[in-house]
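Subject: Structure handover

Hi,

Here is the structure I promised to pass on. Have a look at it first, and then read my notes below.

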Amino acid sequence: MTRFSAWNVFWNGVTGQKGWSRQWRDPEPKPRYDVVIIGGGLHGLATAYYLAKNHGIRNIAVLEKGWIGGGNAGRNTTIVRSNYTQPGNREFYENSLNLWEELSHELNYNVMFSQRSHITLLHSPGAVDATARNYNTMRLTGNADVEIWSLEQLQEAVPHLNYGADARFPIMGAAVHKRAGTARHDAVIWGYARAADQLGVDIIQNCEVTAILRDGDKVTAIETSRGKITTDKVGLAVAGNSSRLWNMAGMRHLPIESHKLQAFVSEPLKPLLDQVVVFGMGGAHFYISQSDKGGMVFGGDLDWYKSYAQKGNLPIVQDVAEAAMSVMPCLGRVRLLRHWSGVVDMSMDGSHFICKTPVDNLYLNAGWNYGGFKATPASGTYFADLIANDRPDKVIANHDLKRFERGLQLDERGAGPDPKLHG
Amino acid sequence: MSATRLNTGGRIDRSQPLSFTWDGRSYRGFAGDTLASALMANGEVVLGRSFKYHRPRGIMSAGVEESGAIVTLGTGNRAEPNTKATIAELYDGLVASGQNAWPNVRNDVGASLGLFGRFFSAGFYYKTFMGLPPFEWGRGTGLWMQYEKIIRKAAGMGEASRQADPDCYDHVHAFCDVLVVGSGPAGMSAALQAAQQGKDVILVEQDFDLGGDLLNRSDPKSNAIRAELIAALTAAGVRIMTRTTAFGLYDYGTAGLLERVTDHLAVKPDHAPRQRFWTVRAAATILATGALERTVAFENNDRPGVMTANATRSYLNRYGVLPGQNIVLSTNNDSAYDTAGELARAGAKVSLVDLREAIGADLSEQMNAAGVTVQTGLAPLKALGGKAVTGVQLARLQGDTWVAVETLPCDLLLVSAGWSPVVNLLSHRGGKPIWDQDLSCFLPAPCAENVTMAGAAAGHWSTEHCTASGIAAANLAMGQKVGAIAPGGWNTPIKPLYEVRLSGQKTKSFVDPQHDVTSSDIRLAHQEGFVSVEHLKRYTTLGMATDQGKMGNIIGLALMAEALGKDIPAVGTTRFRPPYTPVAIGALAGRNTGSHFKTLRRTPLHDWNLRHGATMTDAGLWHRPWYFARRGESLSEAYIREATTVRESLGICDVSSLGKIAVQGPDASEFLNRIYSNAFAKLAVGKARYGIMLRDDGMVMDDGTTWRLSQNDFLLTTTTTGAGKVMVWLEELLQLRWPELRVHVSSVSDQWAGVSVAGPKTRAAIAACLEDPEAISAENLPFMGVMESRLRGGIKCLIARISFSGELAYEIYVPADLGEAMMDQLWAASEPLGGCLYGLEALGTLRIEKGHVTGAELDGRVTIDDAGLGKMASTKKPFIGSALRQRPELEREDRPQLVGIFPKDHSDSFNGGALLCKPDEISGFGEGWITAVTHSPALGHWIGIGYISGGHDAWQGKSVTATDPVRKGDVMVEIVSPHMFDPKGERMHG
Amino acid sequence: MIRIPCPFCGTRDHSEFAYGGDGAIIYPDLDAPMQDWHDAVFQRENICGRQVETWQHVNGCRMWLLVERDTMTHEIYSVRPAHPDMAQALEVTA
């Protein structure tokens, strides 16, 4: 495997690109693995990588129904941030951000993590106070770079937002999370795949799981479209479809509903926005950044009804465009190039699950709501640790399925047990 | 390329010359031109620069697939980057300029990047820019972010304005029986067939003229067909929309259309929107969206002067421009022969090279007659020339390998490599197209929904077949059985051709010219394992440019299939995403922007408040008075005066925005008893009670007072922001969970104007306004009493003696339209007593002094006990939330509980949002937080309210630090009871 | 755009309605044990395919409806008022 470096880019340029080989193998599934991860998305591949790297388990298969990264990995708006404040979530996302900062070097793959600042617009004194509480918590728990900006500071940094007299919700200031930003989502998938593959992980694409066979409280084997695979441990990392695999494993209920979330990209433009800007007011929700290629990448709310279909609807397109124009009125003549949607696991408190299950050797990674992309490195790390050691690290101790029985709330928004409200 | 405008022919209006500007120079064109045809007629060749290598690019097509002539229209706040010149309708005064180039597209310094092209292979940026070269030393993202700045500047295409778009856009909704997309012979025939059977039909056409490919023909027969169809459509009452693109198909026959209303007008009328976004709900949809001509990957196939063959037919027959004098036309199918003949007859020297070894005798004869020289078995290997094509080297296929043969000089190189039906809209519905080996194109698969494809979009190549398929599609859409019409229609089969290159040779052969994706990039992607079509697309950016792969996707698939040794269908096709062509965000937004972004709700007293000096603030969707500044007063001066006045004499506050729900029926009290945590069954008529509503999960949902007006008639009030949510919740409970309860709920929020009148002099002020001043005596209206009464002038009102401020206070409700009359009376009675009007800020002060909770404290994560209201949770009855509120974590003693907060040094102040910590442990999550603060005039210093673990009991007398690192330093505070002023509540009984 | 045939108002865009949730959930009595409430409030079958779900015609007649819909194709098979008396009244009228 040729190492990625400026030197090798140069050398292969000179020698006709002959030195590059497959970034990951295309192996036939073996009949047995120590660990099988179901789901070749960001979390599944990251888990396999950390299992191999941190825990020395090499006999691992990642089973993917289609092609890796074909689910939400390639459908999100690529924002990486750690401004979560509930105990457990806070440490988890902060650790994730720390891992993000070194990820390109770690994987020897440029995931283009651009720490360009994440700016949340604030519109009322109450919102300033509520956000200040969260950002104070961040300051005290390991993230020194968060700030509350005055209107003047914001205007200087992002002069072309709507500061006009016609703004329905005048901007009062902003909460700024400087180490946050965006990354290149596909590169993260490929980077983890390549790095996991190098450690011996078998990434098996076009391999649909058709049955999860159990003997009492143990999974014995996985039936797939490419044959039966026996294994000691199974990890589910299939956000969007968690309930379907859960059913296959012989269980019925999860605190999850599948919803769809749309995303949007404009035609490529010369640099127009250097940060991530987030707006939430009056029941509207909107976030926007510019990709390195120049497209304005943006999104808003869920489609508001449960769905497993990767197809969006027009009312949300309209809602998001309205918010876009209200926040950045210069976008009027910018054209939408594509919009698409992904199916997300919306959980009952808006937080995720990385936990053991009623089945002894089956582990669950699910319920990522809007937040799966930014969680990737931490999700892989902690899920791998859980699978390898059969016990949760204290950071994820409360990210289990029993937390609702205990009355624990990891509800960042305080929205209550209605999955669609946790966007 | 030496194009010339012909003196006759075409559909342009030579009597209407138009002047326009390109890159600062003036040009002339005619009505009916596109920007591309006008620039071509003026001899302009290089109109754009490519994304990565800044290669010069000219016009490549005549439609939406254009990937070369991409320009910026307009200037300043009307600048419209990335516009395809081929679909920009010319108008007098149009201003356009080149983009992604410096100093201009003809001479672009950036072209030097092309010299390094060998290093810029697909995905090279994933392999470097991580650290210090050459071996990527270093940590973190610092170096990458330096590289990123340079990359971002180099990337992108056009430059967007940073000023607000000055134009307006409209939304329109429509319904029809049949929506027909595309006005070629198939679309028009389909629309006519449906309309003649009585269907309500909408026909949309993205072009400014009807006819589809018929517009590109000059023969009398085509013109006659077109004219007849248009006349018949008009007569049949079909709604025809030109300049309208169906950009997406959605669930249930919904289509999104974009209508360009004024873009083509020299003088834009003030009354018209720039564009309209239509949402059409159609019972049936027929897609007659045509087909796009493909090109071939060969070296320098992107040179200005290399075009798709049929596009020249458009320039010649529609725009009256002969695009070249010395033309080589390369083809592998029958469709280009008419074009060759027409170009020759128009005066060009035309050489046709056909990949196929044998062609039909009729075609040979036709070419002979037109003076076109024909050679067979040949294909283009390499285009010669730099900023304009000067010739083409041809190649012949020997066995499996290409062999270079002769070179032909030319000023225009046309390529026709077959046709790709436009299946994009069907793909939006999830329909996967099927590869047809014989026609070498994807054909639409049948759709489970009522969406039918017709014409060239279904693979029918001749006008006759298109017409027949249009009629058949209409019949099918209307539920009639029709016989299948076989696609195709060429005499000699097409011979598939995707790439021409000598074996082993590295070339710059463009597959997706706009993004500079070359055939080598496709092969590199294969070499590195990016073999699935979605990986290929993402790794190379094939098909991600503004033409959305219209130009290059099929070639890319074919090259990957070849590399894999598979058939094209085995590689698959990507799912096309809406929109079909890019849509202005302004159009999607319509008028709901700026101040119209979200509904603005005003109380019935809004104007009265403004007339009396109110400054408004947002409260949910409402505007509510924030404070009433007297001359020269700041916010803090005003609210402190207002709060002081309320405690000393009286104040009036608009509370009309509170939610008001009439709960009526024989089981109303039982219903309230279930939804509130405290008991309501025994609330007496004429009494009000404060209630707390929990969610199913036991957390506090909303609070408010409920007034029993009569045995079966209650008025329930909610918070301002909770009104909608509570109403939905009550309806859900009554219709879904407890249908047996005989209760009706109706929102009466908008029916009433309400004020709170608070302060020791309140009773006198109100009494002065009542017809019966004795009505509100302490005896007649005790604390928590409710009564109906009349203001002077016979204004019926409801009065409740309830207090949020802790003072003697009343809420008075009158019918909304009498709100101002009430205010006039109350104000007239209050002002002489030294009263004031007060807003939300002073209301906040008063309630913080009393330790009353609002949304800042009830944030959805708080239990009734946390908020210090545990005694309001009945132990004698079950209620919503009573089961789950008893979960262990919710009953922990160390949960944060509501407290009051004083600064240790009373001259200090602090902020809402500050965290409460042990002084020696200012880290981690802290022990609590401050939700709201105010300067308390009653106590003479700053106070706050918030939560701290264990509550007041745990922290009494202990030192606590309020830390607010994001805004200010630490302040030492003491934790007190939340009831900071008048803790015994004596004043409200006053 | 999903088009929902409201039994009271006729077929309307889904944007007039608000999605509620799984219509198969039976909420326990208020005094039922905590575990029953936990299961009703937090556990979901999350069916992929045909499910009965609740919608409210919130910008219309405000009636809560039981909609049988495929969560993959979005096809609607039936719509009836959630309130049994309403459902019965409609049947009588029909």
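**A bridge between chains**

B:E80 and A:R335 form a salt bridge, with 2.9 Å between the closest N and O atoms. It runs from one chain to another: B:E80 sits in strand β7 (residues 80–84) of chain B, and A:R335 in strand β16 (residues 335–347) of chain A. By salt bridge I mean a side-chain nitrogen of Lys or Arg within 4 Å of a carboxyl oxygen of Asp or Glu. Helices (H or I, at least four residues) and strands (E, at least two) are DSSP runs, numbered from the N terminus. Over all chains, the whole structure has 86 salt bridges.

Before you go further, keep in mind that this is a predicted model: local features need pLDDT of at least 70, side-chain atom pairs count only at pLDDT 80 or more, and totals for chains, interfaces and linings use all residues. Residues are numbered from 1 along each chain as its sequence is written, chains are lettered from A and ligands numbered from 1 in the order in which they are written, and side-chain values use heavy atoms, with hydrogens and water left out.

**Chains A and B**

How many residues of chain A are in contact with chain B? The count is 119, and they meet 128 residues of chain B; contact here means heavy atoms within 4.5 Å. The two chains bury about 10700 Å² between them, with 57% of it on carbon and sulfur atoms. Buried area is the accessible area (1.4 Å probe) that two parts lose on being put together, summed over both. On the chain A side, A:R168, A:K270 and A:R333 lose the most area to chain B, and together they make up 9% of what that side buries.

There are 11 salt bridges between chain A and chain B. A:R168 turns up again here, paired with B:D618 in a salt bridge whose closest N and O atoms are 3.1 Å apart.

Helix α5 (residues 125–140) of chain A gives the largest share of the side that touches chain B, at 10 residues. Sorted by class, that side of chain A has 54 nonpolar, 35 polar and 30 charged residues. In this sorting Ala, Val, Leu, Ile, Met, Phe, Trp, Tyr, Cys and Pro are nonpolar, Asp, Glu, Lys and Arg are charged, and the others, Gly among them, are polar.

**Chains B and C**

Chain C has two helices and six strands, in the order β-β-β-α-β-β-β-α along the sequence. Its C-alpha trace spans about 40 × 30 × 20 Å along the principal axes.

Here 28 residues of chain B are in contact with 26 residues of chain C. Together these chains bury about 2300 Å², and carbon and sulfur atoms give 64% of that. The interface has two salt bridges; B:R281 and C:D13 meet in a salt bridge at 2.5 Å, N to O. Nine residue pairs are in polar contact across it, both residues at pLDDT 80 or more. On the chain B side, β14 (275–287) and α18 (723–737) are the elements that give two or more residues, and α18(B) has the largest share, with eight. By class, this side of chain B has 14 nonpolar, five polar and nine charged residues.

Most residues other than glycine have a negative phi, and most peptide bonds are trans. Which residues does a cis peptide bond join? One such bond joins B:P133 and B:P134, with omega about 5°, and B:P134 is in the loop between β8 and α2 of chain B. Another joins B:P578 and B:P579, with omega about 0°; B:P579 lies in the loop between α13 (568–571) and β31 (583–584) of chain B. A:T78 has a positive phi, near 65°, and is in the loop between β2 (60–63) and β3 (79–80) of chain A.

Cheers

How values were computed:
A polar contact is a pair of N or O atoms within 3.5 Å; within protein, one must be able to donate a hydrogen and the other to accept it, and residues adjacent in sequence count only if both atoms are side-chain atoms.
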